[in-house]
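Hello,

Here is the structure we talked about.

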Amino acid sequence: MFSIWTLALITGLYVLTLFGIAAWGNKLGRPHRSVYALALGVHCTSWAFFGTTTQSLQFGWAVIPTYLGVIFVMLFGFSVLRKIAHICRQHRISSLAEFIGIRYHHSNVLAGLVVALCFVGVIPYIALQLDAISSAIALMTTDNSEWSGSISLYVTVFMAVFSIWFGTRTLDLTTKRNGLMLTIAFESVLKLAGLLVVGIYCVYVLSDGWLDLLDKSLDNEITKATLEKPFAAWVYISHILLGICSMFCLPRQFHINFIENNNDNELKHARWVFPLYLSLMTLFILPIALTGQLLFTDSATNTDSFVLSIPISQNNHGVTIMAYLGGLAASTSMIIVATLALGNMVANNLLTPLWLYSRHLHAGQPRLSAHQLLRIRQSTIIVLLFIAYWYHQNISQASPLVKSGTIAIALMAQTLPAILLGLYWQNAHKFAAMIGLLSGSAIVISQMLYPAVLSSYYFAPAPNDVDFAFAIFLSLGLNFALLV
């Protein structure tokens, strides 16, 4: 549909726009509280933009369960969010690992363990965003130029520069990054607009409204089977649980939720705006999935690509570009914030303590200067991004893991018991937190990650969603029980 040069130009202009918005935001000062509420939309990654159609087809779900979990937290767990935000502002906390370490008597070992866990979970997740960009470009290009796969490299470079320039220019990590927040809020609006444009196109252009699409779906054997599929209650509940965990345990979400929070008024405003945003994000997921099934009767079409494949099949350039920009926004927003949050965690809670310990510093000896600390953080971000790019090029594309996003969230969700008990139980001990964290992670690795790796290399059948749901409940249940 498009030449590779056209997509390269669109992608380049988009990235330059992000730089312009961030620079403008830094000059404006503290943004409006709606910017904070919209920036929470960093929760919606390329999996939310592209992959939820597949989830709807598998189970007939009209409402995405991870979104429902987040909405439950905003409506019924607001006091917990506010308490964590107060602690982060009071102690000038800069990351998830630092928060957990401080709650357990300033334990550097526990904080380092959290960093290692997040590293294992976040790197493949960043690679998935690069996969989504490459797949979208390959789907949209009219030629088979090998250069199409290199755009993800240029995006990686731009994201590294952006994260360093707008995220690590000062030593104080608690300084609010107004330009970054305005950029993420802009990307949240763009990905919502992309999904709404495709959804409206499917419902009101390719069909004559919701009832017409429903009639056509019930008349078609394939789509009728989708609508009549069993609800899969345990799978649904497990994904709601992951949605709840994601509000506290994902480094990017923790950073936007708490590190960038200025006051309670922002949280109160977001309590109602963010659930509305997520509801709009899920509004057209099932209609898009059903339209894709009606249009593409062959099984060769990837259901993850329906958001793009539908307008491409109708030769609609405008809707296709909006879908591409929405997917690009979903991917780059996650990459920017996750890289910044993880980079700061690795530098502050892992590399710097190890460096100081290895030097056996005593009173009167020179310590790390502010300039050295900044360089460590900036170098860490560069290394992390290019590790993710290597993973994207050599592992996730060649042999993609089954349901990588679910596995990544389940792994990082193991920090939730330590967060909640550390928040409300002063006698909770760091060794108990470590035992719970390691035990829960061991179950996720053995029952979810390892079977997925085997199935990716065709050594074993792929684990199903019920297996994953069981592993999620077991890991978090054992983790919590052992900590108590």
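Leaving aside neighbours within four places in sequence, lysine 191 is in contact with Gly41, Val42, Cys44, Phe49, Tyr277, Met281, Gly326, Ala329, Ala330 and Ser333. Bear in mind that this is a predicted model. Lysine 191 belongs to helix 9, residues 178-205.

Which side chain of opposite charge is nearest to lysine 191? That is glutamate 187, 6.7 Å away. A salt bridge needs a side-chain nitrogen of Lys or Arg within 4 Å of a carboxyl oxygen of Asp or Glu. Lysine 191 has no salt bridge, yet it is buried.

Next, alanine 160. This residue is part of helix 8, which covers residues 151-167. Is alanine 160 buried or exposed? Its relative accessible area is 5%. Buried means under 20%, so alanine 160 counts as buried. Not counting residues up to four places away in sequence, alanine 160 touches Ile381 and Leu385. Glycine 60 is 100 residues from alanine 160 along the chain, and their C-alpha atoms are separated by 39 Å.

Now the cavities. Rolling a probe the size of a water molecule over the atoms shows where empty space is left. How many cavities of 30 Å³ or more does the structure hold? There are six.

The largest cavity has about 80 Å³ of space. Its lining consists of His43, Cys44, Thr45, Trp47, Ala48, Thr66, Tyr67, Tyr125, Leu250, Arg252 and Ile409. Two helices each supply at least two residues of that lining: helix 3 (46-59) and helix 4 (65-76). By class, seven lining residues are nonpolar, three are polar and one is charged. Cys44, part of this lining, is also among the contacts of lysine 191.

The second largest cavity has about 60 Å³ of space. Trp47, Thr66, Tyr125, His239, Leu242, Gly405, Thr406 and Ile409 form its lining. Trp47, Thr66, Tyr125 and Ile409 also line the largest cavity. Helix 12 (233-249) and helix 19 (404-412) each supply at least two residues of the lining of the second largest cavity. Which helix gives the largest share? Helix 19 does, with three residues. By class, this lining has four nonpolar and four polar residues, and no charged ones.

Best wishes

Note on methods: Residues are numbered from 1 along each chain as its sequence is written. This is a predicted model: local features need pLDDT of at least 70, side-chain atom pairs count only at pLDDT 80 or more; totals for chains, interfaces and linings use all residues. Side-chain values use heavy atoms; hydrogens and water are left out. Helices (H or I, at least four residues) and strands (E, at least two) are DSSP runs, numbered from the N terminus. Buried means under 20% relative accessible area, exposed over 50%, partly exposed in between (1.4 Å probe, protein chains only). Lys and Arg count as positive and Asp and Glu as negative; His and the chain ends are not counted. Contact means heavy atoms within 4.5 Å. On a 1 Å grid over the protein atoms alone, a cavity is a set of points where a 1.4 Å probe fits but cannot get out, and a pocket is an open set with protein on both sides within 12 Å along at least five of seven lines; lining residues have an atom within 4 Å of a point. Grid points are joined across faces, edges and corners, and a volume is the space filled by probe spheres set on the points. Ala, Val, Leu, Ile, Met, Phe, Trp, Tyr, Cys and Pro count as nonpolar, Asp, Glu, Lys and Arg as charged, and the others, Gly among them, as polar.
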